[in-house]
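Here are my notes on the chain we talked about. Have the model open as you read, and take the points in any order you like.

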Amino acid sequence: MSTRPMRAFKRWMKLHGINYIDALRFIQNEENDAVWVKTVADLHQGDLVATIPKQSCLTMKTSGARHVIEEAGLDGYLGLSVALMYEKSLGPDSPWFAYLQLMPQFEPIPLLWSFDELDLFLSGTELHKIVKEDRALINEDWKECISPLFDSATGVKLNPDDFSVEQYLMAKSLIASRSFEIDDYHGFGMVPLADLFNHKTDAEDVHFTSVASHSDSEEDSEISDDSEKSGNDSQISNNGSDKKNTYESNINDVGSELNNSDDPAVLQMIIVKEVEAGAEVFNTYGSMGNAALLHRYGFTEPENPYDIVNIDLELVLRWSSSLYSSRYSRSRVAFWKKLDYSGCLAQNSEYFEISSDGKPEIELLVLLFVMSLSEDDYGDLSLQLSSPGACNKLTGTVLSKKVHVILEKGKEMSKNALLTNAVRSALIEVADLRDRLYGSRSLEDDIKELSECCFVKERKLYHSLVLRISERRILQKLRAYASSGLLRNCARGTKTKKLKVI
């Protein structure tokens with residue numbers, strides 16, 4: 001059923017030259033008003049299914065707030081946020097009113113959750129700390145860049161209520177989940193129709209693309225309510241017939257029907273694989289794990305192959321402090337860094353990624369290997385590595401193998417050699433420490449709660465549980481990865497070496 005906002009949006013697209021084949025259907029969910037796209041005809045690789053003039057997109061260059069944005073020296077997502085808030089503040093006077101009416105007020109991403117909700121739903125997950133840091137940075141951006149616009153903007157009076165920090169957060173949520181990179185001139189922007197296609201990991205049906213870079217032209221940078229209708233209707237007619245062969249004939253002729261297909265001022269939506277009639281047509285937002293999907297788009301996917309778990313260097317040091325002195329730990333970390341190893345860096349933290357199959361990065365293995373060396377081996381290793389060419393003189397010795405294991409970065413053989421019993425035991429203990437961050441509830445408790453959770457009514461709980469479960473299962477796999485070799489070594493009679501505490 002087509003709602004009034006949807007009908008108004010279709011008329012708006014037609015007025016502004018947004019063309020799409022009539023095999024596409026825009027379906028609006030009655031429970032939450034979300035829109036998705038399906039096809040009533042088979043689509044084939046290479047089919048051009050929609051064209052979108054760049055001038056119809058809401059960008060910093062097309063918005064009525066362009067001069068305010070440029071005067072303030074704003075760009076990127078910050079500038080686009082001002083453009084979006086400004087057009088929303090105009091109500092029916094905005095050239096994008098019908099488009100904005102179909103758009104939700106905000107997307108329910110964690111950025112808009114309360115601090116109590118963040119603590120309740122996301123404790124222990126990859127997002128808990130990140131979202132709180134994001135909120136602090138966004139508040140700083142608002143104070144430094146947006147609040148001053150109330151007094152400095154020339155030629156226009158901005159209502160503070162329309163540009164409050166709450167409105168800024170809502171605009172950021174829409175931009176994070178719906179914006180596309182258009183070209184060098186426009187930068188990122190809100191792209192009507194393109195943002196209706198839902199995401200599915202590794203299942204892209206339609207690809208969004210720009211024919212060519214936009215020239216820095218003023219001619220295509222404005223849009224108004226009295227824009228002339230393009231030469232073709234926005235929906236390619238099939239003369240009222242719903243027959244499948246008519247749709248397919250229409251799709252085959254789409255190159256001639258969408259006469260803007262080679263225009264550099266037009267964006268294209270192109271089918272990249274076969275899609276059967278009746279199926280939803282998916283876009284993809286990239287190869288992302290559930291933490292990234294929930295952070296940016298507000299949803300998760302069960303069994304996501306791109307899920308990861310991060311283990312902070314700080315957590316490894318906490319494990320180390322339970323066995324060794326702080327001096328011992330600091331010296332081993334310094335030596336590890338001297339070998340030109342490091343974790344992943346993000347803002348003020350350093351961490352190691354555990355992949356969806358439970359395998360750790362080699363940088364973490366090297367660190368645990370160095371941590372577990374006896375004092376004698378560590379001293380000999382430090383001495384040998386400080387002597388040029390010394391490694392070549394150690395052929396055949398146990399110490400030589402340890403030296404070469406560390407130096408042969410990225411090789412699978414090095415990874416296997418690093419997995420001593422001490423390292424395997426350390427991995428299990430670190431995984432246990434990481435899992436405790438989720439609180440006293442077990443993985444089984446989370447799985448049971450997810451099975452009883454209502455996806456529609458308890459959206460925040462549902463997606464946070466999917467994230468928690470996916471991360472905890474990876475930690476489970478990490479323990480299995482470490483313990484399997486440990487059991488084999490024990491079966492051969494090899495005892496785990498006791499670590500020397502100094």
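The points below go from the overall picture to single residues.

1. **What kind of model this is.** This is a predicted model, so to speak of a local feature I need pLDDT of at least 70, side-chain atom pairs count only at pLDDT 80 or more, and totals for chains, interfaces and linings use all residues. Residues are numbered from 1 along each chain as its sequence is written, and side-chain values use heavy atoms, with hydrogens and water left out.

2. **Confidence.** pLDDT is the predictor's confidence in each residue, from 0 to 100. The chain has a mean pLDDT of 83, with 80% of its residues at 70 or more. Contact here means heavy atoms within 4.5 Å.

3. **Overall make-up.** There are 20 helices and 12 strands in the chain; these are DSSP runs numbered from the N terminus, with helices being H or I of at least four residues and strands E of at least two. Of the 502 residues, 49% count as buried. Buried means under 20% relative accessible area, exposed over 50%, and partly exposed in between (1.4 Å probe, protein chains only). Among contacts with a separation of 6 or more, 75% come from residues 24 or more positions apart.

4. **Helix α6.** Which residues of α6 (residues 127–146) are buried? They are Leu 127, His 128, Val 131, Asp 134, Arg 135, Ile 138, Trp 142 and Ile 146. These residues lie on the same side of α6 because they cover an arc of only 120° around the axis, the arc being that of the directions from the helix axis to the C-beta atoms. Lys 143 and Glu 144, on the other side of α6, are exposed.

5. **Charges over rings.** Arg 135 has its charged end over the ring of Phe 115, 4.8 Å from the centre. Arg 332 lies over the face of Tyr 378, at 3.8 Å from the ring centre. The criterion is that NZ of Lys or CZ of Arg is within 6 Å of the ring centre and within 35 degrees of the ring normal.

6. **Aromatic pairs.** The structure holds 15 aromatic pairs. One of them is Trp 12 with Tyr 99, which is stacked at 6.0 Å centre to centre and 20° between the planes. This pair links distant parts of the chain, with Trp 12 in helix α1 (residues 4–15) and Tyr 99 in helix α4 (residues 97–102), 87 residues apart. Rings of Phe, Tyr and Trp (its six-membered ring) pair if their centres lie within 6.5 Å; planes under 30 degrees apart count as stacked, over 60 as edge-to-face and the rest as tilted. Trp 12 counts as buried at 6% relative accessibility, and Tyr 99 does so at 2%. Ring pairs link Phe 9, Trp 12 and Tyr 99 into a cluster.

7. **Arg 468.** The side chains of Arg 468 and Asp 446 make a polar contact at 3.0 Å. A polar contact is a pair of N or O atoms within 3.5 Å; within protein, one must be able to donate a hydrogen and the other to accept it, and residues adjacent in sequence count only if both atoms are side-chain atoms. Leaving aside neighbours within four places in sequence, Arg 468 is in contact with residues including Phe 121, Ser 123 and Tyr 438.
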